[in-house]
Amino acid sequence: DAMGMNMATKGVDKVLKDLKGVFPDMDIVSISGNYCADKKATAINWIQGRGKSVVCEAVIKEEVVSQVFKTTVASFVELNTLKNLTGSAIAGSLGGFNAHASNIVTAVFIATGQDPAQNVESSQCITLIEAVNGGRDLHISVTMPCIEVGTTGGGTKLASQAACLTLLGFKGPNEVSPGANAQGLARVVAGAVLAGELSLMGAQAKGELLKSHMKYN
């Protein structure tokens, strides 16, 4: 249930020392060669994943779209295509095909004692929105291939962060099913990102993003 970077580093350090004993002329330049790739948005993380890979999806009924978000399913779909997909592609984005996943990931990471800097790769996310059920309802999904979280070790021991993990039901290691707590926290991250994408995209589709910022900032 730990994120695992320290364990991996300890393991590599032991391997390097053993190799040095066999090959004394070997030069150890660094314990990390950046291929990991930690705290960087990279194609290898985007394609192969790192940490936990999560897909979260939901179907939002037409009446919710119209009554809560005050917009239409068609507007959601058009905005997502032009903004999150086309706009991000033109910008040359690497895993940034979303509205603001990093805002949500950073908030959850700080609240639960994760490494905030790992927000860089953990926020790699593609948001997809389409009309379903004859065009009446909205289907949204977020695909996040490298969410790096742990529920034991590091900042998870801090009082406020431990309390938050307890509230979520994922504090510490899972004694019955090792790894389940970290997996659960990764699902929380993806679910929160999906909710955040719906909120921001809804505000932009209705043209109220600036109004909301001016009111609550």
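Select helix H5 (residues 101-112) together with helix H7 (residues 159-168): in this predicted model, their axes come within 6 Å and cross at roughly 105°. The axes here are lines fitted to C-alpha atoms, for helices over the stretch in contact, with angles running from 0 to 180 degrees between N-to-C directions, and the helices and strands are DSSP runs numbered from the N terminus (helices H or I with at least four residues, strands E with at least two). H5 and H7 are therefore roughly perpendicular to each other, on a scale where angles under 35 degrees count as roughly parallel, over 145 as roughly antiparallel, 65 to 115 as roughly perpendicular and the rest as oblique. To display the contact itself (heavy atoms within 4.5 Å), pick Ile110, Ala111 and Thr112 of H5 with Ser160, Gln161, Cys164, Leu165 and Leu168 of H7.

Before moving on, keep in mind that residues are numbered from 1 along each chain as its sequence is written. Local features need pLDDT of at least 70 and side-chain atom pairs count only at pLDDT 80 or more, while totals for chains, interfaces and linings use all residues, and side-chain values use heavy atoms, with hydrogens and water left out.

Next, zoom out to the whole chain, which has 9 helices and 4 strands arranged along the sequence in the pattern α-α-β-α-α-β-α-α-β-β-α-α-α. The C-alpha atoms fill a box of roughly 70 × 40 × 35 Å along the principal axes. Of the 217 residues in the chain, 36% are buried (under 20% relative accessible area, with exposed meaning over 50% and partly exposed in between, for a 1.4 Å probe and protein chains only).

Leave the helix pair and go to Gln114, in the loop between H5 and helix H6 (119-122). Gln114 is buried, with a relative accessible area of 9%, and a polar atom of its side chain lies 2.8 Å from the backbone nitrogen of Gly150. Showing the surroundings of Gln114, leaving aside neighbours within four places in sequence, brings up Phe109, Glu148, Val149, Gly150, Thr156 and Leu185 as its contacts.

The C-alpha atoms of Met144 and Val193 are separated by 9.5 Å, although the two residues are 49 apart along the chain.

Finish at Phe69 and Phe76, whose ring centres are 5.5 Å apart with planes at 90°, so the pair is edge-to-face. Rings of Phe, Tyr and Trp (its six-membered ring) pair if their centres lie within 6.5 Å, with planes under 30 degrees apart counting as stacked, over 60 as edge-to-face and the rest as tilted. Phe69 is buried at a relative accessible area of 18%, and Phe76 is buried at 0%.

Terms used: Polar contact = N/O pair within 3.5 Å; in protein donor to acceptor, adjacent residues only side chain to side chain.
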